[in-house]
Amino acid sequence: AQLHRAMSKLGQGSRGMNWKKVKEGRVTVNGVIASDPLCWIDLLVDKVAVDGVACPPAPGANRTRVWAMHKPRGLLTSR
């Protein structure tokens with residue numbers, strides 16, 4: 001995702017606010033100051049920080065969910 005969009009997905013404010021933060025030099029990606037809000041990052045791999053404070057990981061970044069469904073024999077599930 002583009003940096004300003006990724007930051008909004010991480011809960012860092014609106015895309016417009018994040019655009020300004022990047023242009024002001026307040027955002028780092030993997031320890032390097034980001035200067036382009038349109039640069040592409042991977043939410044599951046790259047570490048984003050604003051004003052030196054790390055953003056929380058993306059929802060579901062390190063979480064595997066397994067859904068097990070059981071339908072008893074004879075149960076009708078369609079109309």
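This is a predicted model: local features need pLDDT of at least 70, side-chain atom pairs count only at pLDDT 80 or more; totals for chains, interfaces and linings use all residues.
**Asparagine 18.** Asparagine 18 is found in helix 2, residues 15-23. Helices here are DSSP runs of H or I with at least four residues, strands are runs of E with at least two, and both are numbered from the N terminus. Is Asn18 buried or exposed? Asparagine 18 is buried, with a relative accessible area of 0%; buried means under 20%, exposed over 50%, and partly exposed in between, with a 1.4 Å probe and protein chains only.

**Ground rules.** I kept in mind that residues are numbered from 1 along each chain as its sequence is written. Local features need pLDDT of at least 70 and side-chain atom pairs count only at pLDDT 80 or more, while totals for chains, interfaces and linings use all residues, and side-chain values use heavy atoms, with hydrogens and water left out.

**Elements and sheet.** Next I walked the chain from the N terminus and noted the order α-α-β-β-β-β. The four strands form an open sheet in the order 2-1-3-4, with antiparallel pairing; two strands pair if DSSP finds at least two bridges between them. At the edges I found strand 2 (32-33) and strand 4 (53-54), each pairing on one side only. Strand 1 (residues 27-29) and strand 3 (residues 48-50) are joined by three bridges. One more look gave me alanine 49 in strand 3 as the bridge partner of threonine 28.

**Core.** Which residues touch the most other members of the largest nonpolar core? Among its 13 residues, they are Leu3, Met7, Val22, Val27, Ile41 and Val48. Such a core is a set of buried Ala, Val, Leu, Ile, Met, Phe, Trp, Tyr and Cys residues joined through side-chain atoms within 4.5 Å. Helix 1 (3-9), strand 1 and strand 3 each supply at least two residues, and helix 1 gives the most, with three. I then checked valine 48: beyond four places away in sequence, its contacts include Leu3, Met7, Leu10, Val27 and Ile41.

**Whole chain.** Finally I looked at the overall dimensions. The radius of gyration is 19 Å, whereas a compact globule of 79 residues would have one near 12 Å; the value is taken over C-alpha atoms, and the globule rule is 2.2 Å times the number of residues to the power 0.38. The C-alpha atoms fill a box of roughly 65 × 25 × 20 Å along the principal axes. I also noted that 25% of the 79 residues count as buried.

Terms used: Contact means heavy atoms within 4.5 Å.
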